[in-house]
Amino acid sequence: MKKVLVTCPPMLGMIEEFIEPAKLLGIELVPAKTTQVLTEKELIELVPNYQGWIIGDDPANRQVFEAGIKGELKAAVKWGIGVDNVDFVACEELGIPIINTPNMFGGEVADVGMALLLGLARQTYYIDREIRANHLWPKPAGMSVSGKHVGVVGFGDIGESLVKRLSGFDVDVTVYDPGVIGNKGYKHVKRAEFPDDVGELDFLVFTCALNKKNYHMLNAEVISKLKQGVMIVNVARGPLIDEAALIDALQKGHIAAVGLDVFEVEPLPTNSPLRDMPQCILSSHNGSNTKEGVRRATQKAISHIAEFLNTK
């Protein structure tokens with residue numbers, strides 16, 4: 001039985017469901033104790049003890065993989081879509097087979113993006129908090145979504161799923177994605193090169209992968225081009241946004257509110273000023289976490305790791 005370390009929180013949340021099916025493939029799943037990510041030091045100590053590793057958003061860098069192959073590590077799978085935290089080049093050079101599980105959660109993450117956008121527009125989360133925490137009965141005037149202009153950064157699985165959902169809201173959509181040509185048949189979509197035309201937007205939603213070229217793509221310079229009162233949603237990766245610049249713009253009122261499922265540091269530090277901004281919606285990097293989505297990705301991850309290890 002090949003031992004496989006699991007460090008992915010959504011998979012860990014349903015781990016009991018996958019233990020027996022994995023055993024049928026010769027795999028013993030070993031859950032790590034983590035709420036979001038393990039540190040590099042923790043991984044260097046843990047990973048060498050296992051033949052396989054199903055990775056979450058942990059710092060899966062060269063140092064960790066080098067430590068791994070000095071021990072038992074033979075293969076790895078990055079659970080989910082994003083791969084920015086994994087050194088695939090190091091894996092190739094070290095002879096560690098690795099793959100991710102793409103196109104698993106486009107609809108699920110897009111659903112959260114829509115929920116955050118609508119929650120910001122109508123202040124539903126703020127109202128809920130005021131009723132519960134302060135026993136108030138607030139009636140803030142929200143923003144009608146119809147007729148507004150939404151920018152979507154990323155036109156892959158998640159971005160397209162969001163655009164599809166937006167098609168029923170009578171909005172104009174500008175999509176930014178240099179890796180995709182055309183509007184995929186969506187008549188309400190126009191294309192632009194980021195950050196062109198960002199001053200026209202009422203909402204700006206991030207759904208793209210993180211890479212070296214788009215790190216802090218929303219920075220102070222770009223923020224200065226946004227219209228007063230714009231709202232930002234990020235269901236992609238935290239470092240796409242310069243969080244310090246974002247907080248400054250929120251404090252000055254240039255950006256009205258944000259809905260963030262992801263942050264530059266996760267979990268969000270307890271002293272983050274974002275925690276004290278009631279107009280904002282904060283989530284816990286949980287956009288892909290539905291039972292159906294977790295099952296799809298986990299079955300794929302187990303299948304991949306079993307194939308890798310059973311051919312070693």
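Modeller: In the lining of the second largest pocket, 8 residues are nonpolar, 3 are polar and 6 are charged. Keep in mind that the model is predicted. The space in this second largest pocket comes to about 310 Å³. Its lining is made up of 17 residues, and those closest to the centre are V37, D57, D84, N85 and E264.

Rolling a probe the size of a water molecule over the atoms shows where empty space is left. Counting cavities of 30 Å³ or more, the structure has 1. The volume of the largest cavity is about 40 Å³. Around the largest cavity you will find G119, L120, Q123, Y125, Y126 and R129, together with P278, Q279, C280 and I281. By type, this lining holds 6 nonpolar residues, 3 polar ones and 1 charged one. Two helices, α6 (106–122) and α7 (124–134), each give at least two residues to the lining of the largest cavity. The biggest share comes from α7, with 3 residues.

Two of those lining residues lead us further. Take C280 to begin with, one of the residues around the largest cavity. C280 counts as buried because its relative accessible area is 2%, under the 20% cut-off. What about a bond to another cysteine? A disulfide needs two cysteine sulfurs within 2.5 Å, and by this rule the count is 0 disulfides. C280 has its nearest cysteine sulfur in C208, 20 Å away, and is in no disulfide. For C8, the closest cysteine sulfur belongs to C91 and is 16 Å away, so it is too far for a bond. C8 is also buried, at 2% relative accessibility.

Strand β12 covers residues 281–282, and β12 belongs to an open sheet of 7 strands with parallel pairing. Reading across, the order is β8-β7-β6-β9-β10-β11-β12. The edges are formed by β8 (189–191) and β12, each of which pairs on one side only. Further in, β10 (residues 230–234) and β11 (residues 255–260) run parallel and are paired over 5 bridges. To spot this pairing on screen, look for V230, which stands opposite I255 in β11.

Note on methods: Residues are numbered from 1 along each chain as its sequence is written. This is a predicted model: local features need pLDDT of at least 70, side-chain atom pairs count only at pLDDT 80 or more; totals for chains, interfaces and linings use all residues. Side-chain values use heavy atoms; hydrogens and water are left out. Buried means under 20% relative accessible area, exposed over 50%, partly exposed in between (1.4 Å probe, protein chains only). On a 1 Å grid over the protein atoms alone, a cavity is a set of points where a 1.4 Å probe fits but cannot get out, and a pocket is an open set with protein on both sides within 12 Å along at least five of seven lines; lining residues have an atom within 4 Å of a point. Grid points are joined across faces, edges and corners, and a volume is the space filled by probe spheres set on the points. Ala, Val, Leu, Ile, Met, Phe, Trp, Tyr, Cys and Pro count as nonpolar, Asp, Glu, Lys and Arg as charged, and the others, Gly among them, as polar. Helices (H or I, at least four residues) and strands (E, at least two) are DSSP runs, numbered from the N terminus. Two strands pair if DSSP finds at least two bridges between them.
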